[in-house]
Amino acid sequence: MAAPVAHTHTTGGILAAFALDVVLVTVFAAIGRASHTEAVFAGLATTAGPFLAALVIGWLVSLAWRSPRAIVRTGIPVWIVTVAGGMILRALSGQGVQVAFVIVATITLLVMLVGWRAIAALVGRRRR
């Protein structure tokens with residue numbers, strides 16, 4: 001009789017990955033507000049909201065719960081949808097989408113959303 005296969009993606013692991021993405025997108029928005037000397041917490045929901053909504057869409061589109069820590073299968077699609085969707089939602093809500101902001105957001109969210117997955121992969125390899 002074959003041994004049962006261990007599930008590498010538990011509900012707790014999926015929720016932790018999603019929560020980390022949410023925290024990182026929120027931190028991105030908070031850093032942006034602080035760098036423009038805006039009240040960090042007062043308008044955080046307005047700034048982070050479009051990106052958080054796009055993050056949820058990115059998770060749904062990429063079926064991220066199937067492999068939440070995967071760099072290519074999940075991290076890159078979630079990052080692309082979060083940036084593109086966040087910018088579209090910002091524009092639709094009358095918030096700015098200046099070219100410099102798009103560039104900074106694209107790079108910062110790449111480092112954050114794909115970066116933690118790359119670090120997790122490296123740690124996983126070192127443990128094996």
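From the N terminus on, the elements of the protein chain run α-α-α-α. The model is predicted: local features need pLDDT of at least 70, side-chain atom pairs count only at pLDDT 80 or more, and totals for chains, interfaces and linings use all residues. Residues are numbered from 1 along each chain as its sequence is written, and side-chain values use heavy atoms, with hydrogens and water left out.

**Exercise 1.** State how many helices and strands the protein chain has.

Solution. Begin with the criterion: helices (H or I, at least four residues) and strands (E, at least two) are DSSP runs, numbered from the N terminus. The count is four helices and zero strands. The C-alpha trace spans about 60 × 25 × 25 Å along its principal axes.

**Exercise 2.** Decide whether Thr 47 is buried or exposed, and list its contacts.

Solution. First locate Thr 47: it belongs to helix H2 (residues 44–62). Next apply the cut-offs: buried means under 20% relative accessible area, exposed over 50%, partly exposed in between (1.4 Å probe, protein chains only). Thr 47 has a relative accessible area of 14%, so it is buried. Then take contacts, meaning heavy atoms within 4.5 Å. Apart from neighbours within four places in sequence, Thr 47 touches Ala 29, Arg 33, Arg 90 and Gln 95.

**Exercise 3.** Classify Val 23 by its relative accessible area.

Solution. Val 23 lies in helix H1 (residues 11–35). Its relative accessible area is 46%, so Val 23 is partly exposed.
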